[in-house]
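Please find below some notes on the model you sent, arranged as numbered points.

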Amino acid sequence: MNTTDTFSNRARTAVQKCGATLPDDGGALAVATPIDGTELAQLEPHTAARIDTAITSAADAFEQWRNVPAPVRGRLVRRFGELLVEHKHDLAEIVTLEVGKIPSEALGEVQEMIDVCDFAVGLSRQLYGRTMPSERPGHRLMETWHPLGVVGVISAFNFPVAVWSWNTAIALVCGNPVVWKPSETTPLTALACDALLRRAAADVDAPAGLHHVLLGDATAGEALVDDPRIALVSATGSVPMGRIVAPRVAARFGRCLLELSGNNAAIVTASADLELTVRGVVFAAAGTAGQRCTTLRRLIVHRSVIDDLVERLATVYRGLRVGNPFDDGVLVGPLISSRAYDAMRSALDRAELDGGILVAGGQRVQVLGDGIYVSPALVRMPAQTDVVREETFAPVLYVLPYDDFDEAIALHNDVPQGLSSSIFTTDQREAERFLAGSDCGIANVNIGTSGAEIGGAFGGEKETGGGRESGSDSWKAYMRRATNTVNYSDELPLAQGVEFG
């Protein structure tokens, strides 16, 4: 059996185990694996009429689901989580085939789905409002939270299931149906997840129409952006995409939750534990072949330790095994496309013109067929130039020197993006100053920039979009707040002492 048959059969089998079926006849949407470029399936993109039908179905389901008590809604998410546990390896198999992640990372992504289901089930009994004292006797003042409406989710290729689950698990317990437009490069994971969620809905007798998947190109996503029946658009992707989505949703007074680019940095101080630093840096910079929004792209190192740290990192980088993610010992899989490689190559050329020195990696590696494999690049830069301030969605790590801690914070913040950040130090004062000084939504101490847990709200500032998903109080984005005043007296006093009689 050739590689094409092996990968396509593995994909079809895993999808079928999750309860979805793939058509035997070809469609206009070809799905290929980045592992070797071969085709996994052919799907038919959804027509405008079918997209409208899906949104109509979700809007109809909202009218019923909004009136189901939140703890009862939680039963659907609990059952979905149970099915995710049962099919964890099936889903991870599809993630590796569609994205090229090593199995450990793919399994970790599915575990995120399971974890956020646990979180959402508990949340279903904790959608707390508050009661405030009224200035008027015999009155009660309070805030209550109510289901918002249909949530549209537009997800990116690099986390094809986790980000969707962050939105969907919480949206469902908050009383909202979901319409999902996955990346056109990862529709198989979406079909598998949809089948599992529909099975969970049937198992707990939840209403039909609570979840729909839209297959197609950007046109399908635009339908969610422009349709007034979509109360919230949660979109993950690039800054240019966000610049299009945000004003169009705002024009119809809808809500927007954006998770956009990251150009994440770590500061390494003179007191840092360099062995710990190397471990944290390498995973954050090279994991998922540098294709995470939280990937470490800038390393700001005190001049007294920069030579030592670069030498240590170069040694590890040269030993990183790049190849077929299914092979034992491989830590870096393929890039998603040739376009990603072209962007990486262009960035390295520009860095060299700016005085950068390629210390390790950066070369194309021939592994399988048409797969695009590169060795992660370690580049020493004399300063933070324009190319360093841009996000290149590939494994490129720029190393910059600093002398003064205030200089390090300034370098760290001197980029348009503001997602994730970290510092490696054993000095508590430096750690605390960093946590207060970082302008990112995520700031870590003595760990890398990637690998967030679902208990904390995920998201960033500036061009990252300002959205928050997953843990903490992110549920409020999926609900509407009402202020209620209840008069239980026989009088009718007006606020602020106003008299009108």
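**Notes on the predicted model**

1. The parallel pairing extends to an open sheet of five strands, whose order is β7-β6-β5-β8-β9. Its edges are formed by β7 (211-213) and β9 (255-259), each of which pairs on one side only, and the twist from one strand to the next averages 15 degrees.

2. Helix α2 (residues 48-65) lies across β5, β6, β7 and β8 (230-236), and its direction is at about 165 degrees to β7. Helix α8 (residues 218-226) packs on the sheet as well, where it touches β5, β6 and β8 and makes an angle of about 145 degrees with the direction of β5.

3. Helix α8 also packs with helix α9 (residues 239-251), at an angle of about 35 degrees and with the axes 8 Å apart. In this contact Glu-222, Val-225 and Asp-226 of α8 meet Val-245, Arg-248 and Val-249 of α9, so that by class the contact holds three nonpolar, no polar and three charged residues.

4. A separate set of strands pairs in the antiparallel sense. Strand β3 (residues 130-132) is joined to strand β4 (residues 139-147) over three bridges, with Leu-141 of β4 as the bridge partner of Met-132. The two strands form a hairpin with six residues between them, and Gly-138 in the turn has a positive phi of about 70 degrees.

5. Strand β4 has a further antiparallel partner in strand β23 (residues 479-487), to which it is paired over nine bridges; here Asn-487 of β23 is the bridge partner of His-139.

6. How many cavities of 30 Å³ or more does the model contain? The count comes to two. The largest has a volume of about 40 Å³, and its lining includes Val-99, Lys-101, Glu-105, Gln-291 and Pro-334; by class, this lining has five nonpolar, four polar and two charged residues.

7. The second largest cavity has a volume of about 40 Å³. Its lining consists of Asn-263, Arg-297, Val-388, Glu-390, Thr-392, Ala-394, Val-396 and Tyr-398, which divide into four nonpolar, two polar and two charged residues.

Methods:
Residues numbered from 1 in each chain as written. Predicted model: local features only at pLDDT ≥ 70, side-chain atom pairs only at ≥ 80, totals over all residues. Heavy atoms only, no water. Pairing = 2+ DSSP bridges. Helix = DSSP H or I, 4+ residues; strand = E, 2+ residues; numbered from the N terminus. Axes fitted to C-alpha atoms, helices over the stretch in contact; angles between N-to-C directions. Contact = heavy atoms within 4.5 Å. 1 Å grid on protein atoms, 1.4 Å probe; cavity = no way out; pocket = protein on both sides within 12 Å on 5 of 7 lines; lining within 4 Å. Points joined across faces, edges and corners; volume = space filled by probe spheres on them.
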